[in-house]
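Try each task before you read its solution.

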Amino acid sequence: MRAAADRKQKPVWALWANPIFRRYCKSRLRPKGLGVMLMMTLIVTGFAFALARAIALHELDPIDAARIPVIPILVIQGIILFFLGTGQVAGGMTAEGDEGVIDYQRLAPMSPLAKTFGYLFGLPIREYVLFLATLPFTIWSFWEGQIPLFVAGQLYGGVLSSVILYHLTGLVAGTVLKNRRWAFLVSMGAIFFLYTVVPQIAKFGLVYFKYLTLYPIFEESLPYLVPQDAGAVVETAQRLLPPARFFNLNLPQAVFTLLSQGVFSLAAVVMVWRRWKLSESHLLGKVWSVALFAWIQILLLGNALPLIAGGDLFPSRNLGGMFNRFVDPIWEPEAMEAVLMAGVYGVVTLTLLLILLVVITPEYDTQVRGWRRVHKLGQKRLPFFGDSSSSFWWAGVMILLGTIGWFVFTKNIIESHWFFGEVKVFSAVAFALSLVTAGFGWQAILEWKGRRAGTLVFILLGVVPILIGVVMAVSNEALRVPAIWIGSISPLAGPVLAAINEVSIADFPRDVERAAPPAFWFWQCLLLFGAVRLIAASRQQKKALREVSVQ
């Protein structure tokens, strides 16, 4: 009894006493399995280290030559931890579910957090050992290259933070998805998306998303990872770049990156924790989802607004890189890119809204279970914060927050000293309408017919019209007007058309200016009518559920 009590009193981070962690240490660190991988890792890392240093010694002094292997080794470490480790977490968690181990672990006398940490650090334990095996090469390079200790701390602090976030992504994917291959592909796709698409999105005004990667810390540390002369040039160029700003706060890149990744890591921990407590629960509760949506909106605005005055927010400045800062001192942003940025902000806001509605909207079975529990407990209505209750009002809150954020973003750009334009309050109506028709319609479909029907509608109504419109517009200029009318059918095109209609500082082709407003308002009115009908059908189903749940 005392031993059991002592185990319960162990903190959740005491991995040495965690049975799940110890189990994977024994299974994945066996010499037979670990030895081959360890030998291959040492051979590849040693070869990269020796080759990079040997080539550098022909041209550079010993100090600069010692710095050259740091980046190749960092790439190898990233492959081990980011890709192999995340894939192992996602696939291993799915395998546990297939074998029934997860159901057994639910009965174990451990807290949900202890189980989460056990799988989080136990499943990729071999990858952590392989990473540690590469550190002597890094330490030697840092020592001989005279790289400051604080650079090593912030660089590998960012690596650790990113690894935890990506492994948690794999853990969530492995918990939710039943197919091991799909869990692996989703987790790998998330990392690929973060390091390819997200940096491009950041160039269109959504600066915050780049802090979910290692890029900001790597760029801040880069002057110390290259030869000293090149490092001095890079450091001089970086002084012209704006710091990581959150409204009026100037924060180091490392601090803001760790803060940003920490919030998403916390959200992922909450997702897994909820599934450990109840396997049928939603990944996030309604309060958590709305809070996360609001937090992202605040961070997007906090990062973007301080960069407007200096022009560092605009795509032409970012895509041109340092060229526009040194060679083109009279650079000015174009009106077209401001309109495009407003549209992109609306599309990203709508995408976040749709994703979170998938998380918090109860399907038919969840509603039935909720009503049966209500009747069993003698209550009159579903709990407002419960998973089985409707997400309608929560969707309304997120739509309101998204409209405010979108309007503030657009107003600050258009009314800045670059354009001296005007964004009227009525523009918020168009912004809200594009979010209302898509958000409430999506919520009603999910609640009425479920996610499969929602996926079918999303493809046929959301994706196909845009694809047809793009093909028509590219194939022939004479088809641009029909292409706009067909593409406007999609609710996903609503934010872009709303920005084009309400932000009148850019000169579009005459046929586009004439076709966009009527197409937008016509289809948005039809979509609003459809959303109202779907909401009514969803409410009728809720009334029927009360009677079905009693039987």
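**Exercise 1.** Which residues in H21 are buried?

Solution. Before starting, note that this is a predicted model, in which local features need pLDDT of at least 70 and side-chain atom pairs count only at pLDDT 80 or more, while totals for chains, interfaces and linings use all residues. Residues are numbered from 1 along each chain as its sequence is written, and side-chain values use heavy atoms, with hydrogens and water left out.

Step 1: buried means under 20% relative accessible area, exposed over 50%, and partly exposed in between (1.4 Å probe, protein chains only). Helices are DSSP runs (H or I, at least four residues), numbered from the N terminus.

Step 2: the buried residues in H21 are Gly454, Gly462, Pro465, Gly469 and Met472.

Step 3: look for their cover, which includes helix H20 (426–449) and helix H22 (480–487).

**Exercise 2.** Check the length of H21 (residues 451–475) and find its kink.

Step 1: the expected span is 1.5 Å times one less than the number of residues. The 25 residues of H21 should therefore span 36 Å, and the end C-alpha atoms, 35 Å apart, agree with that.

Step 2: at Val463, shortly before the proline Pro465, H21 has a kink of about 35°. The bend is the angle between axes fitted to the seven residues ending at a residue and the seven starting there.

**Exercise 3.** Describe how H7 (residues 112–122) packs with H9 (residues 149–176).

Step 1: their axes come within 10 Å and cross at roughly 110°. Axes are lines fitted to C-alpha atoms over the stretch in contact, with angles from 0 to 180 degrees between N-to-C directions.

Step 2: H7 is therefore roughly perpendicular to H9, a term for angles of 65 to 115 degrees.

Step 3: with contact meaning heavy atoms within 4.5 Å, Thr116, Tyr119 and Leu120 of H7 meet Ile164, His167, Leu168 and Leu171 of H9.

Step 4: by class, this contact has five nonpolar, two polar and no charged residues. Ala, Val, Leu, Ile, Met, Phe, Trp, Tyr, Cys and Pro count as nonpolar, Asp, Glu, Lys and Arg as charged, and the others, Gly among them, as polar.

**Exercise 4.** Is Gln146 buried or exposed?

Step 1: find Gln146 in the loop between H8 and H9.

Step 2: its relative accessibility is 53%, so Gln146 counts as exposed.

Step 3: check the backbone too, where phi of Gln146 is near 55°, a positive value in a residue other than glycine. Most residues other than glycine have a negative phi.

Technical notes
Helices (H or I, at least four residues) and strands (E, at least two) are DSSP runs, numbered from the N terminus. Angles under 35 degrees count as roughly parallel, over 145 as roughly antiparallel, 65 to 115 as roughly perpendicular and the rest as oblique.
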